[in-house]
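Hi everyone, thanks for coming.

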Amino acid sequence: MISFIVPAYNEELELRSTIAAIRAAVEKIDNYEIIVVDDGSTDATAQIAKQTGVQVVSIDRRQIAAARNAGVRAARGEVLFFVDADTRINARHVAAAMAALNAECSGGSARILADGVIPLWGRVFIKTFCAIYFALNLGAGAFLFTTRKNFDAIGGFDEQLFIGEEVFFSLALRKLGRFKVLREPIITSGRKLRMYSARKIFANSFAVIIGGMRAARSRDKLDLWYDGKRETRST
């Protein structure tokens with residue numbers, strides 16, 4: 001069985017499309033499940049998930065590492081896909097990920113593209129970031145995959161971290177075998193690049209880089225990621 005784990009906080013505008021995309025991606029696969037981990041949402045996220053017929057797990061941690069780990073505890077699959085609630089995948093991603101695992105890769109991810117219209121500085125920023133980040137063979141949190149065996153071997157996601165947990169997850173998997181970053185990008189929300197100024201994004205990102213592990217272990221200065229602001233339109 002393949003388990004798709006979708007951590008979600010206040011994603012009522014995005015969640016239906018994400019679930020629909022996963023179902024379309026596994027149209028020719030019979031043995032799968034979708035688990036939405038509702039992490040303390042104050043909107044209709046949980047209700048929408050239930051309406052779509054997927055399994056819903058409720059926690060109140062406001063931490064994506066904890067949400068992903070909670071999803072794994074509820075999952076029955078031996079293959080684990082982590083898909084953020086604002087991210088779209090397709091059948092080619094699933095097929096390529098399964099091929100990588102069958103070739104004894106320890107896990108993997110995919111390059112990313114931001115959806116919608118984003119400002120020029122945002123396009124330059126994300127293109128530059130992706131060129132550097134994926135050259136380091138690290139996984140994007142929006143889409144990660146591995147086996148349950150490997151997940152258990154590395155202890156899952158580090159719940160001491162509020163940001164950057166996907167980096168350490170990727171590094172841990174790389175110790176077990178080859179980590180595969182798929183060539184075809186997944187589509188994820190570009191809302192932060194539309195909602196926040198370049199100054200705020202650069203300042204917050206720089207503060208995290210300078211703060212290192214100390215900054216990553218506290219939610220206090222991570223408002224760019226944890227303030228819960230959302231666009232008022234679906235994409």
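Predicted model: local features only at pLDDT ≥ 70, side-chain atom pairs only at ≥ 80, totals over all residues.

Residues are numbered from 1 along each chain as its sequence is written, and side-chain values use heavy atoms, with hydrogens and water left out.

Now the overall build. Ten helices and eight strands make up the secondary structure of the protein; these are DSSP runs, numbered from the N terminus, with helices being H or I of at least four residues and strands being E of at least two. The radius of gyration is 17 Å, close to the 18 Å that the globule rule gives for 235 residues, so the protein is as compact as a globular protein of that length. For that comparison, the radius is taken over C-alpha atoms, and the rule is 2.2 Å times the number of residues to the power 0.38. Along its principal axes, the C-alpha trace spans about 45 × 40 × 30 Å.

How many of the 235 residues count as buried? The share is 53%. Buried means under 20% relative accessible area, exposed means over 50%, and partly exposed is in between, with a 1.4 Å probe and protein chains only. As for contacts (heavy atoms within 4.5 Å), take those between residues at least 6 apart in sequence: 78% of them join residues at least 24 apart.

Next, the aromatic rings. The structure holds 16 aromatic pairs. Rings of Phe, Tyr and Trp (its six-membered ring) pair if their centres lie within 6.5 Å; planes under 30 degrees apart count as stacked, over 60 as edge-to-face, and the rest as tilted. Look at Phe82 and Phe151: their ring centres are 5.9 Å apart and their planes are at 25°, so this pair is stacked. Phe82 sits in strand S4 (residues 79-83) and Phe151 in helix H6 (residues 148-154), so the pair ties together parts that are 69 residues apart in sequence. Phe82 is buried at 0% relative accessibility, and Phe151 is buried too, at 6%.

Compare that with Phe125 and Phe202, an edge-to-face pair with 5.3 Å from centre to centre and 65° between the planes. Phe125 belongs to helix H5 (residues 120-135) and Phe202 to helix H9 (residues 198-216), 77 residues apart. Phe125 is partly exposed at 25%, and Phe202 is partly exposed at 41%. There is also an aromatic cluster, formed by Phe4, Tyr32, Phe81, Phe143 and Phe145.

Which of the eleven residues of helix H3 are buried? Eight of them are, so to speak, under cover: Ala65, Ala66, Ala67, Arg68, Asn69, Ala70, Gly71 and Val72. Their cover includes strand S1 (2-8), strand S2 (32-39), S3, S4, H6 and helix H7 (165-174).

Arg62, in the loop between strand S3 (55-59) and helix H3 (64-74), has a phi near 55°, a positive value in a residue other than glycine. Arg62 is buried, with a relative accessible area of 18%. Glu104 also has a positive phi, about 70°, although it is not a glycine. This residue lies in the loop between helix H4 (91-102) and strand S6 (107-114), and Glu104 is exposed at 71%.

Where is Glu159? Find the loop between H6 and H7. Glu159 is partly exposed at 29% relative accessibility. Leaving aside neighbours within four places in sequence, Glu159 is in contact with Arg61, Gln63, Ala65, Ala66, Asn69 and Arg73.
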